[in-house]
Amino acid sequence: MTDDMVEPFLEGLTLTHALSDRRIFIVDHEILQDCPSMPDLTICAPFALFFEQNDGTLIPIAIQLFQDKADDNPVFLPTDSKYSWTLAKMWFNNADACVHQSAIHLAATHLIMEGIAIVMNRQLSQSHPIFKLLKPHFHLLLPTNTRAFEKLFAPIHGWTEGITNMGITGLNHIIEKFCEKWRMDIDGLLPADLMYRGVEDPEVLKHYYFREDAMTVYEIIHKYVNNYVKLYYDDDNDVIDDAEIQSWREEMAKSSAEGGLGLHGVPGDSEKLMSRRQLVDVCCCVIYTCTVGNSASKLKKYDEYAFIPNYPSKLIGEPPKDKRERTEDDILAALPDKATVMETLKIFKLLAQKHSESIGHFVVNCVYDPKGVKLIKEFRDDLKKASGLIRTRNKSRMISYLCLDPLEIQNNICI
């Protein structure tokens, strides 16, 4: 890409100035490089460049559908013919949908949390205060995953092979690559994740509603967890001396080859949790991921996927490899048949529904200590206030973003 390609879309700025003003953003799906696909279907491994306009709207300004520079891998631009640009956006979104389904939703919430839940059940007794804190957020996770795998990994007529380009082999490929790089101290902690991606500043991406609402709820979760940990650990030494907690941390961090979970970035020093703050971070990661993280990745699925050209989980044929003018017939030819569309609508309608109590409302109560019960009540009161705040925000937003209203956030991962 060269400066002159994109400067017509930068509202009078040069590319250098747009970069220095932090108004240029990139999505790089390198994770899809060499990803297997279903027979006769293709998965791109694209880049897309975005620009934040003066009114705060984020728009795509350049798309390259594959990683390696080549004559048959051009940079597509909004100034290309209408249907060429539309087709490039559809193929980019098809790749984005593959990452969303396999990495962001399935791996980052369902699978990583399942591993942590299993290790917790092995290493913490049911009377342990941290077991009691986290157990309600793991409710139904294991049976949900077992049932989901039956649907996702069924050959031929399963969900993955029926409505996606990646199929089962591609799904596994993406999950494996994603889990190799996932870190609890970055991907599992919202403030660290936002900072790592360079979008922690509220003046950057002014209409980034996920960041605004997720941080509101995350801070409430952190307050709740911090106060709860202080009830049972007077100081850092109490954490260091807790053999069950240390065994839990050890098994999470130990490599899979050694029989552990193999998570990267588990807080701790010298292979141990050394402070209350580090224990709080681990617990915040779990509760945030099982509630906010999972809900953000699933509750808008039907909104995005139901109109197939907007966010196609499956596209037919080959992505464009030149910039010749396309037609509406080329768009229609890339769309799946009616039976696949209907199956797609049914699946994403199911996946996008709320299937548990709201965050802070537990089907299984584990905490009976009066001081702990008081903290849970304060947690619920804070979430109720946050719900009112987020509903007020939505009255003045360009579009409503309701999925992180605490009344909508699921308390645990189920479907």
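Author: Gladly. Let us begin with pairing: two strands pair if DSSP finds at least two bridges between them. Please keep in mind that this is a predicted model.

Reader: What stands opposite isoleucine 63 in E4?

Author: Phenylalanine 76 stands opposite isoleucine 63.

Reader: Why are E1 and E4 said to stand at the edges?

Author: The open sheet has 4 strands in the order E1-E2-E3-E4, with antiparallel pairing. Strand E1 (24-28) and strand E4 (75-76) each have a single partner strand, so one side of each is left without a neighbour in the sheet.

Reader: Which residues have a positive phi although they are not glycines?

Author: Aspartate 34 is one of them, with a phi of about 65°, and it lies in the loop between E1 and E2. Glutamate 271 also has a positive phi of about 65°; its place is the loop between helix H11 (243-253) and helix H12 (276-298).

Reader: Why is aspartate 34 called exposed?

Author: Its relative accessible area is 67%.

Reader: Then what makes lysine 354 partly exposed?

Author: Lysine 354 has a relative accessible area of 32%. Buried is under 20% and exposed is over 50%, so a value in between is called partly exposed.

Reader: Where is lysine 354, and which residues is it in contact with?

Author: Lysine 354 is found in the loop between helix H15 (338-351) and helix H16 (370-395). Leaving aside neighbours within four places in sequence, lysine 354 is in contact with Leu299, Leu407, Glu408, Ile409 and Gln410. These pairs qualify because contact means heavy atoms within 4.5 Å.

Reader: How far is lysine 354 from asparagine 121?

Author: They are 233 residues apart in sequence and 26 Å apart in space, C-alpha to C-alpha.

Reader: Let us turn to the whole protein. How do you know that its radius of gyration agrees with a compact globule?

Author: For 415 residues, the globule rule gives a value near 22 Å, and the protein has 23 Å, which agrees. Along its principal axes, the C-alpha trace spans about 70 × 50 × 40 Å.

Reader: How many helices and strands are there, and how much of the protein is buried?

Author: There are 16 helices and 4 strands, and 50% of the 415 residues count as buried. The protein exposes about 19,300 Å², with carbon and sulfur atoms supplying 53% of it.

Reader: What share of the contacts join residues at least 24 apart?

Author: Among contacts between residues at least 6 apart in sequence, 71% do.

How values were computed: Residues are numbered from 1 along each chain as its sequence is written. This is a predicted model: local features need pLDDT of at least 70, side-chain atom pairs count only at pLDDT 80 or more; totals for chains, interfaces and linings use all residues. Side-chain values use heavy atoms; hydrogens and water are left out. Helices (H or I, at least four residues) and strands (E, at least two) are DSSP runs, numbered from the N terminus. The radius of gyration is taken over C-alpha atoms; the globule rule is 2.2 Å times the number of residues to the power 0.38. Buried means under 20% relative accessible area, exposed over 50%, partly exposed in between (1.4 Å probe, protein chains only). Accessible areas come from the Shrake-Rupley method with a 1.4 Å probe; for residues, only the protein chains shown count as cover.
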